[in-house]
Each structure stands twice: as structure tokens, then as C-alpha cells.
Amino acid sequence: MALFGNAHSIDPAQAQQEYARLLGHGEQVHAAYLLIRDTILFTDRRLILIDKQGITGKKTEYHSIPYRSITHFAVETAGHFDLDAELKIWLSGSATPIQKTFTKGVDIYEVQAILTQFVAR
């Protein structure tokens with residue numbers, strides 16, 4: 001499930017308000033990224049992948065991934081010819097990683113550091 005496009009960070013407080021219906025009692029958004037129409041939320045409890053579908057984007061799929069189910073992850077930095085950076089996340093019980101693609105507008109090292117903070121608990 002790869003996403004391509006213009007990724008950028010979203011203010012966590014704004015994401016907290018916008019996606020409040022998805023969050024559990026007391027759950028806090030620590031970081032959020034927008035990739036064209038899709039969104040990635042890093043909360044204090046889980047990773048939430050918001051996948052807008054269809055032409056209008058009215059149909060939305062929400063993936064909730066508890067950090068404890070992430071077995072490992074990798075980042076691939078942008079190069080001279082490949083300007084996009086990638087985040088790959090492997091979940092227990094799945095051989096195929098979830099892949100998210102970020103453009104130069106996002107610091108992939110920052111994304112990795114946020115994920116490390118929650119997975120390494």
C-alpha cells in the first residue's frame with residue numbers, strides 16, 4: 001500500500017481536533033503527516049493510517065496499528081534521481097511491509113525518530 005505525493009507535517013493539535021472521533025479517551029496525537037489525501041497519525045498508543053479512497057475521497061479506510069504489533073521498520077532516504085523517501089513497516093504475522101512514500105518536504109529521519117520512540121517502549 002504505497003502512497004505517492006506531496007507529504008507534509010500537520011500540527012498535532014489540529015490533527016487531534018480533526019480526528020477526535022478516532023481517538024480513545026485520553027489518547028494524544030504526537031505527530032501527523034498528510035500525503036495528498038491520506039494521513040498518518042502517530043498517537044501515544046498506536047499508528048493510525050487514514051486512507052481516502054475513490055475519486056471523491058468520501059470513502060475512507062482507517063488502519064489502527066498498535067505499536068506492539070510492529071516487528072521492525074526501515075527508512076530509505078531520497079537520492080539524486082529518486083527524490084522520494086520511504087518508510088516500510090512490518091507487522092507481526094505479515095511478510096509484506098506497509099509502505100509509505102514521502103517527498104523532500106518531510107524529514108524522514110524525524111518520522112523514524114517518532115516511530116522509534118513508540119515502538120521501542
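## A sheet with a helix packed on it

Reading from the N terminus, the elements go β-α-β-β-β-β-β-β-β-α, that is, two helices and eight strands. Helices here are DSSP runs of H or I with at least four residues, strands are runs of E with at least two, and both are numbered from the N terminus. The model is a predicted one, where local features need pLDDT of at least 70 and side-chain atom pairs count only at pLDDT 80 or more, while totals for chains, interfaces and linings use all residues. Residue numbers start from 1 along each chain as its sequence is written, and side-chain values use heavy atoms, leaving out hydrogens and water.

Now for the sheet. It's an open one, with three strands in the order β6-β7-β8 and antiparallel pairing (two strands pair if DSSP finds at least two bridges between them). Since β6 and β8 each have a single partner strand, they stand at the edges, so one side of each lacks a neighbour in the sheet. Neighbouring strands are turned by 15 degrees against each other on average, direction ignored (axes are lines fitted to C-alpha atoms, for helices over the stretch in contact; angles run from 0 to 180 degrees between N-to-C directions).

β6 and β7 pair over six bridges, and Ile70 has Leu91 of β7 as its bridge partner. Helix α2 packs on this sheet and touches β6, β7 and β8, its direction making about 170 degrees with that of β6. Contact means heavy atoms within 4.5 Å.

| Element | Residues |
|---|---|
| Strand β6 | residues 70-76 |
| Strand β7 | residues 85-91 |
| Strand β8 | residues 98-102 |
| Helix α2 | residues 108-119 |
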